[in-house]
Amino acid sequence: MGLYIETLIRADPDELWDRTQQPEQHRRWDLWFTGIDYLPRTPGKPQHFRYTTRVLPCLTVAGVGVAAGDRHHPEGTRTSVLRFSSPDPLSLIEDGSGYWRYIPAENGIRFLTGYHYRSRWGRFGRLVDRLAFRPLMRWATAWSFDRLRLWCERGIPPERSLRYALGDSTVRLLAVVLAVVAVPVASLAVAALAVLLPPLPFTPAARRCLRHPPERTGSAPPAPPAALIAPETS
């Protein structure tokens, strides 16, 4: 089963394109990437890149990818497609492919992604993916999209919005701890409020993004053209 995330961003299309396509800007807002570096490119060939992801403070996994193509349509829609893989045995993801789409809307740009991947470690890996990794990946992608939205719409740098998010989470956690210590009978109610209360407008939140294709007349956007995701030929 593939993953799908969508948000609406009120921003200049070229600015949004640059902040998602330029490695030095992309890694600022995307939780999944600690580093993204383009490799030397042969004229006429797709762009290859190397990425790293910090799983724990002392554990980083690495992989490689290729920007399989992008396409600009006359009506303003843009599509960017990539393939990726990791030879690192510590990486649950073995390989996969995905796309970003930028669809002009009446009040902004529908920025969405869809991707598929294969897990390693056999049956155990599939179980870990289903129960923990995939939900975490879906949440982190949605949270990152909202972080990008705040950067584009409100001018809040990703580094600052991360601090806002950490502060918000700390306050909620402290409220629960104080309730448990001071008023145990109310601790469950306080915990529920800590989870259900909406985040502040300047704090990134995954809940603001769609996790499934919306129900629209004409259905959700189709998958990228096969020509964009076909294996590279020599």
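The request and its answer follow.

Biologist: How do the axes of helix 3 and its partners, helix 1 and helix 4, cross, and which residues meet there?

Modeller: Please bear in mind that this is a predicted model. Helix 3 covers residues 122–154, and helix 1 covers residues 13–21. Their axes come within 11 Å and cross at roughly 140°. Angles over 145 degrees count as roughly antiparallel, and helix 1 is therefore oblique to helix 3. The crossing of these two helices is right-handed. On the side of helix 1, the residues in contact are Glu15, Leu16, Arg19 and Thr20, and they meet Leu148, Trp151 and Cys152 of helix 3. Sorted by class, this contact between helix 1 and helix 3 comprises 4 nonpolar, 1 polar and 2 charged residues.

Let us turn to the other partner. Helix 4 spans residues 158–182, and its axis comes within 9 Å of the axis of helix 3. The two axes cross at roughly 120°. Because the range from 65 to 115 degrees counts as roughly perpendicular, helix 3 and helix 4 are oblique to each other. Their crossing is right-handed. Helix 3 contributes Trp143, Arg147 and Trp151 to this contact, where they meet Pro158, Glu159, Ser161, Leu162 and Ala165 of helix 4. By class, the contact of helix 3 with helix 4 holds 5 nonpolar, 1 polar and 2 charged residues.

Notes:
Residues numbered from 1 in each chain as written. Predicted model: local features only at pLDDT ≥ 70, side-chain atom pairs only at ≥ 80, totals over all residues. Heavy atoms only, no water. Axes fitted to C-alpha atoms, helices over the stretch in contact; angles between N-to-C directions. Helix = DSSP H or I, 4+ residues; strand = E, 2+ residues; numbered from the N terminus. Parallel < 35°, antiparallel > 145°, perpendicular 65-115°, else oblique. Left-handed = near helix turned anticlockwise from the far one by under 90°. Contact = heavy atoms within 4.5 Å. Nonpolar A, V, L, I, M, F, W, Y, C, P; charged D, E, K, R; others polar.
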